[in-house]
Amino acid sequence: MNAESKKLIYEGLWKNNPVFRQVLGICSTLAVTNLVMNTAVMCVALIFTLSLSSASVSILRNITPRNIRMMVETLIIAFYVIIVDIILKAYWPQMSTNLGPYVGLIITNCIVMGRCEACGINNPPATAFIDGMFNALGYSFVLLIIATFREILGMGTFLGFSVPYFSGPGWDKWIIMVMPPGAFFMLAIVVWVFRSIQDRKEQS
């Protein structure tokens, strides 16, 4: 692995993390993190869409007129989102119902369009693919952390399975954690913790 790839991975996962550093993709961060399983499926959908969209934009960059490039990028992103949506409806209709409109809203996710514009349109396909994949993974690990705390504290389960103590009578479930305000609280805590760690590392 060359130095450029390592830099892209580091920036996507940590240094310029889309959620806690750039504060992008917040709608889905707040909407789908009440259950870990829903979050995991959403993350897989975003990884698939972002990495392939960015690579496709890169492949077509030399034949795409600059003045209509954003329309072309939107069509490319929509193509991959529709594939995900059709697969979910065909093979996992319950999950499709759980995620509701948020799969379709990946088309408007700032992270996807942002990486296509920032990296896909200016770099070779392999670079664009790596950048897209690791930005999506950076988004995913933050969402999964938020979802884990919300589900355990709010429902006493993890992936639908009972968690000792938190599912018992000794724990009074924090219902607010699976409600929209709980998502705001957890997002704020995660952003605060990760930014504090990042600032401390940069200062040292």
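Modeller: Happy to! Let's begin with a term for helix packing: axes are lines fitted to C-alpha atoms, for helices over the stretch in contact, and angles run from 0 to 180 degrees between N-to-C directions. Keep in mind that this is a predicted model, where local features need pLDDT of at least 70, side-chain atom pairs count only at pLDDT 80 or more, and totals for chains, interfaces and linings use all residues. Residues are numbered from 1 along each chain as its sequence is written, and side-chain values use heavy atoms, with hydrogens and water left out.

Colleague: Okay, at what angle do helix H4 and H6 pack?

Modeller: The angle is about 130°, and the axes of H4 (residues 69-91) and H6 are 11 Å apart. Helices here (H or I, at least four residues) and strands (E, at least two) are DSSP runs, numbered from the N terminus.

Colleague: What do you call that arrangement of H4 and H6?

Modeller: H4 and H6 are therefore oblique to each other. The cut-offs are these: angles under 35 degrees count as roughly parallel, over 145 as roughly antiparallel, 65 to 115 as roughly perpendicular, and the rest as oblique. The crossing of H4 and H6 is also right-handed. A crossing is left-handed if the near helix is turned anticlockwise from the far one by less than a right angle, and right-handed if clockwise.

Colleague: Which residues of H4 and H6 meet?

Modeller: On the H4 side they are Arg69, Met70, Glu73, Thr74 and Ile77, and they meet Val112, Met113, Cys116 and Glu117 in H6. Contact means heavy atoms within 4.5 Å. Sorted by class, this contact has five nonpolar, one polar and three charged residues. In that scheme Ala, Val, Leu, Ile, Met, Phe, Trp, Tyr, Cys and Pro count as nonpolar, Asp, Glu, Lys and Arg as charged, and the others, Gly among them, as polar.

Colleague: And how do H6 and H7 pack?

Modeller: H6 (residues 110-120) and H7 (residues 125-155) pack at about 150°, with axes 10 Å apart. That is why H6 and H7 are roughly antiparallel to each other. Their contact is made by Ile111, Arg115, Cys119 and Gly120 of H6 together with Thr127, Ala128, Asp131, Asn135 and Tyr139 of H7. By class, that gives four nonpolar, three polar and two charged residues.

Colleague: Let's zoom out. How many helices and strands are there?

Modeller: The protein chain has eight helices and two strands. From the N terminus on, the order is α-α-α-α-α-α-α-β-β-α. The radius of gyration (taken over C-alpha atoms) is 18 Å, close to the 17 Å that the globule rule gives for 204 residues, so the chain is as compact as a globular protein of that length. That rule is 2.2 Å times the number of residues to the power 0.38.

Colleague: How much of the chain counts as buried?

Modeller: Of its 204 residues, 44% count as buried. Buried means under 20% relative accessible area, exposed over 50%, and partly exposed in between (1.4 Å probe, protein chains only).

Colleague: What about lysine 7, buried or exposed?

Modeller: Lysine 7 counts as exposed, at 54% relative accessibility. Its place is in helix H1.

Colleague: And where is phenylalanine 185?

Modeller: Phenylalanine 185 sits in helix H8 (residues 180-203). With a relative accessible area of 47%, phenylalanine 185 is partly exposed.

Colleague: One last topic: what is phi of valine 23?

Modeller: Phi of valine 23 is near 50°, a positive value in a residue other than glycine. You'll find valine 23 in the loop between helix H1 (3-15) and helix H2 (26-31). For leucine 159, phi is near 55°, again positive in a residue other than glycine. Leucine 159 lies in the loop between strand S1 (157-158) and strand S2 (161-162).
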